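This briefing goes through one model by topic. The sequence and the structure come first, and the notes follow.

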Amino acid sequence: MPSLLSLYRKILFGRKPGWDKQPLPKIYVQAPDVVLSHDKIRQYAEVCGFEFDGVTLPPTYLYVWAFRLHATIFTHKAVTFPLLGMIHLKNSISVFRPVKVDETVTVQCELSASRHTDSGLEFDLVSKVFVADELVWQALSTYLYRIDTPGRRARPPKASDMLWENVQQWRLTDDLGRRYAKASGDYNLIHLHPLLSKRFGFERVLAHGMWSKARALSQLMPFIGDKPFQVDVEFKLPVFMPSEVTFGFESIENGKRFEMRDVKGRRPHLLGNVTYL
């Protein structure tokens, strides 16, 4: 597996000219024989709120490894725009069976499609994890390289029509980004310290979107158990730290619907659904 630290040096400090208005080519990368670390899994489970039995991986943990291949693709010469111009729009993870900590896995990732939208260039990365020849886990991440259009005004996202009662309230401390980085290996500077995030145009530290997804899913695992499932999220407004957020969910046909909002329950940070496969 490639080192994210070395990849981030290229991503954050390399010079790319910007999108050349061309569709992105398909790019495929693979890492075979990946052995997982018990200590890192335990750290990840703790910071994301999962109950960890020392045997079964938290369902979102394999994204940690898939993202290393995402970052490898981001540094490809055919990707002519910088990471700091990109937004993670949505993410879908399918868990076909629970993966054990001591299993050796093969991780694959492909930049599969791109399209020009009113907001810029959207593109999809499909990640797959195999144990031997068995597909056990899959993810689809959609990113946007934003291009500002003169006269276009972005509409603020709206919360869903969920009944917002009996919600949980979570306190996000200012060291959350550093703890998540230590567990995941994802040391993106905008998630680590306000002095670093300000360098890239953010007044405060941002919580990692995939931490938000993992933290939300951890609350639904008692309903999911060992069942195969798919969890889809859309990332709406960024979460700054330190802060407080609220979380709620409700039952839907064949699954759950959930949402993370600001402390007043008005502005959405994350919308999602769990469906059983």
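**Pocket, cavities, core elements and cysteines**

The second largest pocket holds about 390 Å³ of space. The model is a predicted one. The points below take up this pocket, the cavities, a helix, a strand, an arginine and the cysteines.

**Second largest pocket**

- The lining of the second largest pocket is made up of 21 residues.
- Nearest the centre of this pocket lie Thr56, Leu57, Pro59, Met221 and Gly225.
- By class, the lining of the second largest pocket has 13 nonpolar, three polar and five charged residues.

**Cavities**

- Two cavities of 30 Å³ or more are present in the structure.
- The volume of the largest cavity is about 50 Å³.
- Its lining consists of Leu4, Tyr63, Val64, Phe67, Tyr180, Ser184, Asp186, His208 and Met210.
- Helices H3 and H4 each contribute at least two residues to the lining of the largest cavity, and H3 gives the largest share, with three residues.
- The lining of the largest cavity comprises six nonpolar residues, two polar and one charged.

**Arg68**

- Arg68 is part of helix H3.
- With a relative accessible area of 14%, Arg68 counts as buried, because the cut-off for buried is under 20%.
- Apart from neighbours within four places in sequence, the contacts of Arg68 are Met1, Pro2, Ser3, Leu4, Leu7, Ser184 and Gly185.
- Two of these contacts, Leu4 and Ser184, are also among the residues that line the largest cavity.

**Helix H2**

- Helix H2 spans residues 38–48, and its buried residues are Ile41, Tyr44, Ala45, Val47 and Cys48.
- An α-helix has 3.6 residues a turn, so residues three or four places apart point the same way.
- The buried residues of H2 are covered by elements that include helix H3 (62–74), helix H4 (176–184) and helix H6 (209–218).
- Gly49 follows H2 and has a positive phi, near 90°.

**Strand E2**

- Strand E2 covers residues 86–95 and is largely enclosed by the rest of the structure, because seven of its 10 residues are buried.
- E2 runs antiparallel to strand E5 (residues 134–146), and nine bridges join the two.
- E2 also pairs with strand E8 (residues 229–235), in the antiparallel sense and over six bridges.
- Ile93 stands opposite Ala139 in E5 and opposite Val231 in E8.

**Cysteines**

- How many disulfides does the count give? The count comes to zero.
- A disulfide is a covalent bond between the sulfur atoms of two cysteines.
- The cut-off used here is a pair of cysteine sulfur atoms within 2.5 Å.
- For Cys48, the closest cysteine sulfur is that of Cys109, and it is 20 Å away, so the distance is too far for a bond.
- Seen from Cys109, the closest cysteine sulfur is that of Cys48, likewise at 20 Å and too far for a bond.
- Cys48 is buried, at 0% relative accessibility, and Cys109 is buried with a relative accessible area of 0%.
- Cys48 is also one of the buried residues of H2.

Definitions and conventions:
Residues are numbered from 1 along each chain as its sequence is written. This is a predicted model: local features need pLDDT of at least 70, side-chain atom pairs count only at pLDDT 80 or more; totals for chains, interfaces and linings use all residues. Side-chain values use heavy atoms; hydrogens and water are left out. Buried means under 20% relative accessible area, exposed over 50%, partly exposed in between (1.4 Å probe, protein chains only). Helices (H or I, at least four residues) and strands (E, at least two) are DSSP runs, numbered from the N terminus. Contact means heavy atoms within 4.5 Å. On a 1 Å grid over the protein atoms alone, a cavity is a set of points where a 1.4 Å probe fits but cannot get out, and a pocket is an open set with protein on both sides within 12 Å along at least five of seven lines; lining residues have an atom within 4 Å of a point. Grid points are joined across faces, edges and corners, and a volume is the space filled by probe spheres set on the points. Ala, Val, Leu, Ile, Met, Phe, Trp, Tyr, Cys and Pro count as nonpolar, Asp, Glu, Lys and Arg as charged, and the others, Gly among them, as polar. Two strands pair if DSSP finds at least two bridges between them.
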